[in-house]
Amino acid sequence: MQSFLPSLKVAATLAACLVSGSAFAYATGQSNYSGKSGQTCSSGCHSRSGTAPTVTIDGPTTLNPGQTGNYTLIITGGPGVRGGYNVAVDGEATLTAGGSDSKKLSGELTHSQPKAFTDGSVRFAFTLVAPSTGTTLTLFGAGNSTNGNGEDTGDASAATQVKIKVGDGGGNNGGGEDDGGGCTAAGGAPLLGAALMLLGARLRRRDE
């Protein structure tokens, strides 16, 4: 019986920690809540009962292939005590955290711990390295403004997206070659010739 009691005490302590710590489950950041997959901070880790903040991403919207761009996600307003964020990008771009208040998680960026607001806003800096070929990227960002009470209630979040053109932006932008196939001037003649040959062969078989 005595050997069982310590184990029971340990289990009870762990259970209490899990219950009391549930509000802090995302205090050290979370990925997959940038809006890229449809989820944001309000989808799973915080309620939306507070006043919604404004979230913006400041940085260049055009980059050369391989160029590094400096960006800042800014959370303004809302409960405005502490903030956290999640940033993701589609395509082959590389994201890097800009300071000790951020970290990389599953290829995305998030806060390493909640950051205090200053003068009504909180900022998270990061960089993006463009891929080596022309394309158009979408940068997804979500920010959470919390009241700092350690609970998931009374907080609020918002999300934003930014398009980044790399090089020529990828594709033909309405000109040049037609990748749809079949109806371009260059590809239409061989296709028409093949159709006429097939028709001629069928007519010959009828006459035989």
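Biologist: What does the secondary structure of the chain come to?

Modeller: It comes to three helices and eleven strands, and from the N terminus on these elements run α-α-β-β-β-β-β-β-β-β-β-β-β-α. Helices are DSSP runs of H or I with at least four residues, strands are runs of E with at least two, and both are numbered from the N terminus. This is a predicted model, in which local features need pLDDT of at least 70 and side-chain atom pairs count only at pLDDT 80 or more, while totals for chains, interfaces and linings use all residues. Residues are numbered from 1 along each chain as its sequence is written, and side-chain values use heavy atoms, with hydrogens and water left out.

Biologist: Why does Ser102 count as buried?

Modeller: Buried means under 20% relative accessible area, exposed means over 50%, and partly exposed lies in between, with a 1.4 Å probe and protein chains only. Ser102 has 7% relative accessibility, so it counts as buried. This residue lies in strand β6 (residues 102–105).

Biologist: What makes a polar contact between the side chains of Ser102 and Tyr85?

Modeller: A polar contact is a pair of N or O atoms within 3.5 Å; within protein, one must be able to donate a hydrogen and the other to accept it, and residues adjacent in sequence count only if both atoms are side-chain atoms. The Ser102 and Tyr85 side chains make such a contact at 2.9 Å. Another, of 3.0 Å, joins the side chains of Ser102 and Asp101, and it qualifies because both atoms belong to side chains.

Biologist: Which residues have the most contacts inside the largest nonpolar core?

Modeller: They are Leu73, Phe126, Leu128 and Leu139, in a core of 24 residues. β1, β3, β4, β9, β10 and β11 each supply at least two residues of this core. A nonpolar core is a set of buried Ala, Val, Leu, Ile, Met, Phe, Trp, Tyr and Cys residues joined through side-chain atoms within 4.5 Å. Contact in general means heavy atoms within 4.5 Å, and beyond its neighbours within four places in sequence Leu73 is in contact with residues including Val55, Tyr85, Val87 and Phe126.

Biologist: How do you know that β1 and β3 pair, and over how many bridges?

Modeller: Two strands pair if DSSP finds at least two bridges between them; β1 and β3 have five, in the antiparallel sense, and therefore count as paired. One of the bridges has Asp58 with its partner Thr72 in β3. These strands belong to an open sheet of four in the order β1-β3-β9-β5, with antiparallel pairing.

Biologist: Why are β1 and β5 called edge strands?

Modeller: Each of these strands pairs on one side only, so they are the edges of this sheet.

Biologist: How many bridges join β4 and β7?

Modeller: There are two, in the antiparallel sense, which meets the limit of at least two, so these strands pair as well. Val87 stands opposite Leu109 in β7.

Biologist: What makes both faces of strand β7 covered?

Modeller: Glu108 and Thr110 on one side, and Leu109 and His111 on the other, are all buried. β7 also forms a hairpin with β6, with two residues between them.
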